[in-house]
Structure formats: C-alpha cells, structure tokens
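Okay, everyone, let's get started.

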Amino acid sequence: MSGNTKATLLTEGKKLRLPNHVAIIVDGNGRWAERHGLPRFEGHLAGLKSVRSTIRCLNQYPIKYVTLYGFSTENWNRPQDEVAGLLRLLEEAVDKEAQELHKQGVKIRHLGRLEGLPQGLEQAINRAIELTKNNTGMTLSLAINYGGRTEILDAVRSIIAECVPPQSIDEKLFNNYLYTAGLPDVDLIIRTGGELRISNFLIWQATYSEYYFTDVLWPDFDEKEIKKALLSYSQRQRRFGGV
C-alpha cells in the first residue's frame, strides 16, 4: 500500500466513527470457485489473498481488534478431502503470514478448540501466538475450530470444574472463561457471500453488535467493500437498549 493511500485511510478513519472490534464471517470461497469454473480448493486459495489484503487495510485504520471466522466446528461436516485441504492451507498460511504480521506489530490469538486440529496446524498456531505475544498493535484473532455454543459450554464446564459459587457468577466473570477473555465485545460483524445469518459465531460477544451483510463473495471483498462496511457502521445509532 502506498504512502498516499495510507494517509488517505488514516484521514478517513479520523472522520468516520469506527468500530473498535470488527469480526468477519468469511463466506463464498466455494461459490467463487464454481463461478470461475475452478475446483473449490482454488476458491480457498483466493480467499487467503483476501484475508491478507483485508488485514492490511484494516490495520491502516485505528481499529484495534479484528476477528476472522476461518473454520467452524460445523465445517467438519464438509467432504473429507475439502476439509483436509483447507486445514493444510490454513497451516501453511498461519506459518507464512505470522512473520509478516509480526513485523507489522500485530498480535495473534486463537479462538476455538486446538484439540482435534491436525498437529501441524496446532503447532503453527502456537508458534504464531508465541512469536507475536508481546506485540502492541492490532490484535488479530483467528477463529479456527470455533463454535459459539461450544465456547459457552466450555466456559460453563470450566466454571463448574473450579467450583465457582453460583452467587459469584455474573457477566464479567463469565467473560473471563470464554475463548475471547480480555477482548472487548464485537462492534461490527461483517458477513460476505449473501447469507443472512451468523452461523454460531460469537453469539455471546455479539449481543449488541451491528451487522453488515454483503452479496460480495469473500475472494472479491476488497478495500472498496471494506470502506462501504465501515461507512455503514459510522452512520448507525447504537443505543444498547436505551433511547
């Protein structure tokens, strides 16, 4: 990204009322591939390019937290060869991108269950977390093998296992047992691909999130589309249940 482009984004960021935490449901890789007469795996490759450009773009704005929904607990139900290929791709991408993100001061977190993932991917995630743990720039959370209901159940199990007195359980305490402990609630959820649902994503943290749905398939989600989403958010009135 050129210096002029970066300066423009920073200027726009000062004018817009921007979200502090943006979460994205990346959807449409397979349909993008089909429309281009390509195998679904090629759609996932194209999707990774959008991940890279989206992170780079959002990092130019004063947006502190970004969460990407990369692989859900329900995605295990897809064809076995597609799942295996996607997980290998994620392993390679995490290892490759972690170095560049580290240079940009990005801190990487993982949301979800590491157990159940291939050993290579689990190790790649842990290496990325360790490499970037002291960074103070954007916090990038990768939701891989993540499900909102599973997250809540895991939190409840941990609370029970620690024998926390029922009268001590409030929202603040419960937040500390979620995968997202220490992260702020989500301000804006973006979903690409034309579907109008959140698919078991951050269902606790998105209680008062604003939603932005677009028909644009994830591999085609570019800087222009990011600006549209941020502009839409900046024009909304957030009352959090008030008047």
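So, the second largest pocket: its lining splits by class into 4 nonpolar, 4 polar and 4 charged residues. Keep in mind that we're looking at a predicted model here. This pocket has a volume of about 190 Å³. If you want to find it on your screen, go to Asp185, Trp204, Gln205, Thr207 and Tyr208, which lie nearest its centre out of the 12 residues that line it.

Now for the largest pocket. What volume does the largest pocket have? About 1,000 Å³. Its lining takes in 47 residues, and nearest the centre you'll find Val26, Asn29, Tyr69, Gly70 and Phe71. By class, that lining has 22 nonpolar, 10 polar and 15 charged residues. Helices α2 (29-35), α3 and α4 each supply at least two of the lining residues, and β2 and β4 do as well. Which element gives the most to this lining? That's α4, with 11 residues.

Let's zoom in on Ile144. Leaving out residues up to four places away in sequence, Ile144 touches Phe71, Leu90, His110, Leu111, Gly112, Arg113, Leu117, Leu121 and Ile125.

Last stop, the aromatic rings. The count comes to 8 aromatic pairs. Take Tyr69 and Tyr146: their ring centres are 5.9 Å apart and their planes sit at 85 degrees, so this pair is edge-to-face. Tyr69 is in strand β2 and Tyr146 in strand β4, so the pair ties together parts 77 residues apart in sequence. Are these two buried or exposed? Both Tyr69 and Tyr146 are buried.

Tyr146 also pairs edge-to-face with Tyr179, at 5.9 Å centre to centre and 70 degrees between the planes. Tyr179 is in the loop between α7 (171-175) and β5, so this pair with Tyr146 of strand β4 links parts 33 residues apart in sequence. Tyr146 has a relative accessible area of 0%, and Tyr179, at 16%, counts as buried too.

Methods:
Residues are numbered from 1 along each chain as its sequence is written. This is a predicted model: local features need pLDDT of at least 70, side-chain atom pairs count only at pLDDT 80 or more; totals for chains, interfaces and linings use all residues. Side-chain values use heavy atoms; hydrogens and water are left out. Contact means heavy atoms within 4.5 Å. On a 1 Å grid over the protein atoms alone, a cavity is a set of points where a 1.4 Å probe fits but cannot get out, and a pocket is an open set with protein on both sides within 12 Å along at least five of seven lines; lining residues have an atom within 4 Å of a point. Grid points are joined across faces, edges and corners, and a volume is the space filled by probe spheres set on the points. Helices (H or I, at least four residues) and strands (E, at least two) are DSSP runs, numbered from the N terminus. Ala, Val, Leu, Ile, Met, Phe, Trp, Tyr, Cys and Pro count as nonpolar, Asp, Glu, Lys and Arg as charged, and the others, Gly among them, as polar. Rings of Phe, Tyr and Trp (its six-membered ring) pair if their centres lie within 6.5 Å; planes under 30 degrees apart count as stacked, over 60 as edge-to-face and the rest as tilted. Buried means under 20% relative accessible area, exposed over 50%, partly exposed in between (1.4 Å probe, protein chains only).
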